[in-house]
Amino acid sequence: MPSLAFTQFADWFRKTSPYINTHRGKCFVVHLASGALASKQLAAISADLSLLSSLGVKLVVTFSVRQQLKHQLEAAGLSWQEHQNRLLVDKPRLATLIACVNQQRHKLEATLSLGVANTPNNNLKLISGNLVTAKPLGVYEGQDMHFCGGVRKVDAANISKLLAAGMLVLLPPLGFSATGETFDLPAEDLALAVASSLKADKLILLGEAEGISSQESQQLLRDLPPSQAKQLLVKEQLAPEAQRHLLAAYQACQAGVARSHLLSFLQPGALLQELFSREGAGTLVTQENYETLRQAKLSDVASLLALLKPLE
């Protein structure tokens, strides 16, 4: 590595140390849109998740199979039929859904097992199971929803034990009822329910869009208070995936999750850039003020000197 490039790298690495210390021991729920599972960036995203785990971050990963399921339903000669923005999952579609989810879960497990290449810390352990109890929607506005469900309960106690043991918890968009039936769960609703039940520090949603942009200025909105996010959900014509992700981020803030991040899986390193740099990479939805004024402390002296040095 050239000396100048290494100097820049070393400078960047030093600047990440406050973020590494801040994130250690925290719980993040990371949601992958279906496009992420089909993207060439999946291996890099998995490596980034392994890196976060090695730095002491507790990770729960949820994922969507919407894109893959459309293809598999078409191949099986079954139509994509929606009612009130929910796929109508009857018995034939349920069989295809289960097969699709298992296929994509296996793909994720295999990719996450790669860990961080060429390092001794490539032994990331993950687990999945019946950690979410589902409830049927039943008859909704005159339509029998069959195997469409919602989240009844997240087993937060056992998920927390698994996270404390250093496991990555992988949750597919399926839930099981007390009677042993399998139900389709909206992937974003699952991520929201898990984040709120665990009182997660962050909900991170990786979709196709870089974040949320203003239609007037076409500028990326770096941070949004929930009130502004609510206005955008009502007034802006967002892409369906961006709409679902922003709604989940808004509801997460309302449920007590401190920060929600909307990132693009197409942007290499977006997850690390958002978590370990001041500039960030996407849209942050938070109840907190992103930048605040406070009285300086003794621990701020080094940072203040670094700010003043160019002006001397």
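Ser-39 lies in the loop between α2 (34-38) and α3 (42-54); helices (H or I, at least four residues) and strands (E, at least two) are DSSP runs, numbered from the N terminus. This is a predicted model, in which local features need pLDDT of at least 70, side-chain atom pairs count only at pLDDT 80 or more, and totals for chains, interfaces and linings use all residues. Residues are numbered from 1 along each chain as its sequence is written, and side-chain values use heavy atoms, with hydrogens and water left out.

Ser-39 is buried because its relative accessible area is 16%; buried means under 20% relative accessible area, exposed over 50%, and partly exposed in between (1.4 Å probe, protein chains only). Apart from residues up to four places away in sequence, Ser-39 touches Phe-265 and Leu-266, where contact means heavy atoms within 4.5 Å.

Strand β15 (residues 259-264) has six of its six residues buried. Arg-259, His-261 and Leu-263 cover one side, Ser-260, Leu-262 and Ser-264 the other, and all are buried. Two strands count as paired if DSSP finds at least two bridges between them. Strand β13 (residues 202-207) runs parallel to β15 and is joined to it by six bridges; within this pairing, Gly-207 has Ser-264 as its bridge partner. With strand β16 (residues 283-286), β15 pairs in the antiparallel sense over four bridges, and Ser-260 stands opposite Val-285 there.

These strands belong to an open sheet of eight, in the order β5-β10-β2-β1-β13-β15-β16-β14, with mixed pairing. Strands β5 (126-127) and β14 (223-224) stand at the edges; each has a single partner strand, so one side of each is left without a neighbour in the sheet. Elsewhere in the sheet, strand β2 (residues 58-63) and strand β10 (residues 168-171) run parallel and are joined by three bridges. Thr-62 stands opposite Leu-171 in β10. Helix α7 packs on the sheet, touching β1 (27-32), β2, β10 and β13, and its direction makes about 180 degrees with that of β1; axes are lines fitted to C-alpha atoms, for helices over the stretch in contact, and angles run from 0 to 180 degrees between N-to-C directions.

Leu-171 also belongs to the largest nonpolar core, which has 85 residues. Such a core is a set of buried Ala, Val, Leu, Ile, Met, Phe, Trp, Tyr and Cys residues joined through side-chain atoms within 4.5 Å. Among the residues with the most contacts inside this core are Val-30, Leu-32, Val-60, Ile-159 and Leu-171. Leaving aside neighbours within four places in sequence, the contacts of Leu-171 include Val-60, Phe-63, Leu-131, Ile-159 and Val-194. In soluble globular proteins, nonpolar side chains tend to be buried together.

The count of aromatic pairs is one. Phe-147 and Phe-183 form this pair, which is tilted, at 6.2 Å centre to centre and 45 degrees between the planes. Rings of Phe, Tyr and Trp (its six-membered ring) pair if their centres lie within 6.5 Å; planes under 30 degrees apart count as stacked, over 60 as edge-to-face and the rest as tilted. The pair links distant parts of the chain, 36 residues apart, with Phe-147 in the loop between β8 (143-144) and β9 (149-154) and Phe-183 in strand β12 (residues 182-184). Phe-147 is buried at 18% relative accessible area, and Phe-183 is buried at 2%.
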